[in-house]
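Subject: Structure handover

Hello,

Here is the structure for you to look over. My notes on it follow below.

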Amino acid sequence: MSTSQKTSADEPVQQTPDEPAVSLRSRLAGSNTAWTGLVLVVLCALFSALRPDAFLTLFNVQNLLVQAAPLLMLAVGMTFVIITSGIDLSVGSVLVFAGVVSAMTMEALSGGDATAAGWGVIAIGLVAALVGGAAWGLLNGLLVAVARVPALIVTLGSFGAALGAAQLLTNGIDVRTVPATLRTTLGTGTSFGVVPNLVILAAIITLLAMWLLHTTAFGRYTYAIGSNSEAARRSGIKVTRHLIAVYTLTGVLAGLAGFMSLAYFGTTTISGHSNDNLNSIAAVVLGGTSLFGGIGTILGSVIGVFIPAVLDAGFVMAGVRPFWQPIAVGAVLVAAVYLDQRRRRARNNR
């Protein structure tokens, strides 16, 4: 027996030198974020091998980052909601509604054609998008937290209602007179020569969300409610008010995503976000946030966002029909939830 280990009942067993490394390996093996990062690296390597002349080019990387930026805003908001043990199926429709409200507001302030509108009109359009998203988020929060209607039912209803409202406002026809200044600066503009401005905006908002979730009382209350809402209530946390705030925050971020999409595409793209709900939920769950609440990180969601984005871009370059993308994302999502359930059962059986 090694002299560094003791068998006496009154003396602790000293840790052998290789035990910290074993502990680190076990933590990494059980980390959803680490596994998601590995999956992302494998996908990038696979598509790079299939199309080495196209996948890792500067243009494609920029395009990938820009297209992922609005989805990242949806995923950041969804992270907060799912950590509380909730769900929001309406974010894609809220994105569309916010974009429509923003575009129509800028048109109304510009006499019907906002193409030549300046920054004053653009700023009002941004406020309109954020308020439009916040209104749906507040409605969802009130119905979930106050009326006690299950979040699945509430947000499924607002999913259809928000999309229907956008179609009613536009008669189903996209608004196309978006300010040229907005498109050339935020939509397609770059900073430092290569970094798209949309990506910079998304990165700033994501860092603020990390700070909010991981270093403030708001974040601690979010985790506490997701772990055990009744215990959180008894400890003095105003659960109802906090849930309303979380759903409203998710709506605001969906509104921002709608404005970003409007800036990039130059149109409202009413029918172009049918998979955003699935992709945002998949990104969050793949990133390690548990659908059962109480567990999750913004960093994991950031990594998870790029899996649907890489699949989408990679399938196009590899000549695979785009209809396979939601099938692949759905399969990966089910696998992630299955693994999460296994880990939960393993923890509960210890």
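V149 sits in the loop between helix 5 (119-146) and helix 6 (151-170). Helices here are DSSP runs of H or I with at least four residues, numbered from the N terminus. This is a predicted model: local features need pLDDT of at least 70, side-chain atom pairs count only at pLDDT 80 or more, and totals for chains, interfaces and linings use all residues. Residues are numbered from 1 along each chain as its sequence is written, and side-chain values use heavy atoms, with hydrogens and water left out.

**Surface patch**

V149 counts as partly exposed because its relative accessibility is 30%. Helix 5 and helix 6 each supply at least two of the patch residues.

**Helix 12**

Helix 12 covers residues 276-286. Of its 11 residues, 10 are buried, so the helix is largely enclosed by the rest of the structure. The buried ones include D276, N279 and L286. G288 follows helix 12, with a positive phi near 105°.

**Pockets**

A pocket is an open set of points on a 1 Å grid where a 1.4 Å probe fits, with protein on both sides within 12 Å along at least five of seven lines; lining residues have an atom within 4 Å of a point.

The largest pocket has a volume of about 610 Å³. Its lining has 25 residues, and Q67, G272, D276, N279 and D312 lie nearest the centre. Helix 3 (58-83) gives the largest share, five residues. Helix 12 is among the helices that supply at least two. The lining divides into 14 nonpolar, nine polar and two charged residues.

The second largest pocket holds about 330 Å³. It is lined by 16 residues, with T84, S85, G86, V144 and L243 nearest its centre. Helix 5, helix 10 (229-234) and helix 11 each give two or more residues to this lining. The largest share, four residues, comes from helix 11.

Best wishes

How values were computed:
Buried means under 20% relative accessible area, exposed over 50%, partly exposed in between (1.4 Å probe, protein chains only). Grid points are joined across faces, edges and corners, and a volume is the space filled by probe spheres set on the points. Ala, Val, Leu, Ile, Met, Phe, Trp, Tyr, Cys and Pro count as nonpolar, Asp, Glu, Lys and Arg as charged, and the others, Gly among them, as polar.
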